[in-house]
Amino acid sequence: MITFEMKKNDKKPLEFAYDMRALSQSFFPEHPCEIKEREDWKEQEGYPLSCYFGDELFFHLDLPVGYDKNSVKAAVYRQFSEKANKTLPWGILTGIRPAKIPLRMLFVGKTKEEVRECLKEEYLVSKAKISLVMDVAEKEYEMVKDLDEKNGYSVYIGIPFCPSICQYCSFSSYDYKSYATKVDAYLEALEKEMAAFSLQAGERPLHTIYVGGGTPTSLNEQQLQKLMDMIQKH
């Protein structure tokens, strides 16, 4: 068992708990992880954090005032990396769509070199993954930089079903096999929402449609065809 003892934050209960679990499971997937908040650390300046491997203290950190999520994750990552003698290709990035970070930086005027340096130094991403994520982000940037966000719109269509549920996933998603009998009803409800929204949008130009989830291709062929027909119709 890997146990984190963390500073209690009444305004943000279990602050950083998701990130600590994700890092723990990435380095030591065979060991479950639990989070404990320390009431007696609440008034301390900075951010104290202890990690135990079983009953033995693994490491203790005292991050200075000004800490944020990335600095806490990076500090824990470096401790895990040293003790496990390995690195993670994606560094401290956990969750979905890492290209969002460089894309956001490009939109605020950062140069490609500045973005690459940030991914390397702040997020601890490997050289190979930096090249991959920058390639994706640059292509996305060229596709969307000239869209008329004020007058046009884009649509996200959520399909909340997956063939399996990933350990790190925080989306509202359900195992397809367990909910197979609910999928057709979901698509029917989805079409009602599509019809209502298409009327609301009026003559505004539709720029993009993104079908996400979940895993849209968990739908069977007939259901996926029905979804495509609904999109075309509305």
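Of the 234 residues of the protein, 36% count as buried, a label for a relative accessible area under 20%, with exposed meaning over 50% and partly exposed lying in between (1.4 Å probe, protein chains only). The model is predicted, so local features need pLDDT of at least 70 and side-chain atom pairs count only at pLDDT 80 or more, while totals for chains, interfaces and linings use all residues. Residues are numbered from 1 along each chain as its sequence is written, and side-chain values use heavy atoms, with hydrogens and water left out.

The overall picture comes first. The protein has seven helices and eight strands, taken as DSSP runs numbered from the N terminus (helices: H or I, at least four residues; strands: E, at least two). Its C-alpha atoms fill a box of roughly 60 × 45 × 35 Å along the principal axes. Where contacts (heavy atoms within 4.5 Å) link residues at least 6 apart in sequence, 68% of them join residues at least 24 apart.

A closer look at one residue follows. Asn70 belongs to helix H2, which spans residues 69–84. With a relative accessible area of 13%, Asn70 is buried. Leaving aside residues up to four places away in sequence, Asn70 touches Ile92, Glu122 and Tyr123. The side chains of Asn70 and Tyr123 are also joined by a polar contact of 3.2 Å, that is, a pair of N or O atoms within 3.5 Å, where within protein one must be able to donate a hydrogen and the other to accept it, and residues adjacent in sequence count only if both atoms are side-chain atoms.

Elsewhere, Tyr156 sits in strand E5 (residues 153–159).
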